[in-house]
Amino acid sequence: MKRKSYEKTLPQQYKEIAHIRFDDMKTGFWYDLKAIFPGIVLTSLGCIVVKPTLTQSLVSLVIFVVAIYPYFSLHELVHGMVVKLMTKQSVEIGFNKSGAYCGMPNIYMYRKLAVNCTAAPLVAFSILFGVSAIILIVLGHWSFLPLGLLATLHLLGCRSDVNLLKELKNH
């Protein structure tokens with residue numbers, strides 16, 4: 001028999017262990033710097049190895065800026081796809097003053113679903129951006145730069161996901 005991955009109402013013997021919102025998240029210069037450090041190292045090493053021109057750097061910046069909204073949308077869609085595939089329940093994806101979000105209204109997830117849903121974009125985009133940027137650096141191509149910048153933004157954006165994963169691990 002397949003085990004349930006969620007409940008519509010919180011069972012009496014259970015308690016809610018985490019409910020993280022971006023607005024409640026721990027931030028600060030050193031905390032944020034620690035989060036983006038791998039992206040900074042990747043991008044910096046790429047610049048040292050490839051030595052992009054000023055024009056290539058400006059084009060990279062434009063590509064990065066244009067990709068921000070689609071990236072955040074795709075990040076939240078990955079969260080939503082995992083929940084949808086595992087529960088067949090509807091998800092709510094949108095933007096507010098704090099940024100993009102994926103909500104699962106009216107369901108309580110068991111730990112396995114919560115971990116899978118939370119970790120999916122962190123893992124998928126870290127691999128996509130990181131491996132792609134490394135390959136382009138090895139090939140000596142300047143287009144590593146927008147990927148390195150996206151990797152850095154991605155890591156910054158995943159702070160709330162990392163906080164939720166820590167909360168799930170500690171309970």
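The model is predicted, so local features need pLDDT of at least 70 and side-chain atom pairs count only at pLDDT 80 or more, while totals for chains, interfaces and linings use all residues. Residues are numbered from 1 along each chain as its sequence is written, and side-chain values use heavy atoms, without hydrogens and water.

Start with charge. Side chains of opposite charge can pair when their charged atoms come close. A salt bridge here is a side-chain nitrogen of Lys or Arg within 4 Å of a carboxyl oxygen of Asp or Glu. The count is 1 salt bridge. Asp32 and Arg159 form a salt bridge at 2.7 Å, N to O. Asp32 sits in helix α1 and Arg159 in helix α5 (residues 159-170), 127 residues apart. Helices are DSSP runs (H or I, at least four residues) and strands are too (E, at least two), numbered from the N terminus. Arg159 is buried, at 9% relative accessible area. Buried means under 20%, exposed over 50%, and partly exposed in between (1.4 Å probe, protein chains only).

Now the rings. Rings of Phe, Tyr and Trp (its six-membered ring) pair if their centres lie within 6.5 Å; planes under 30 degrees apart are stacked, over 60 edge-to-face, the rest tilted. There are 6 aromatic pairs. Phe29 and Trp30 pair edge-to-face, 4.9 Å centre to centre with 80° between the planes. Both Phe29 and Trp30 are exposed. Tyr69 and Phe95 are stacked, at 4.7 Å and 20°. Tyr69 lies in helix α2 (residues 54-87) and Phe95 in strand β2 (residues 92-96), so this pair ties together parts 26 residues apart in sequence.
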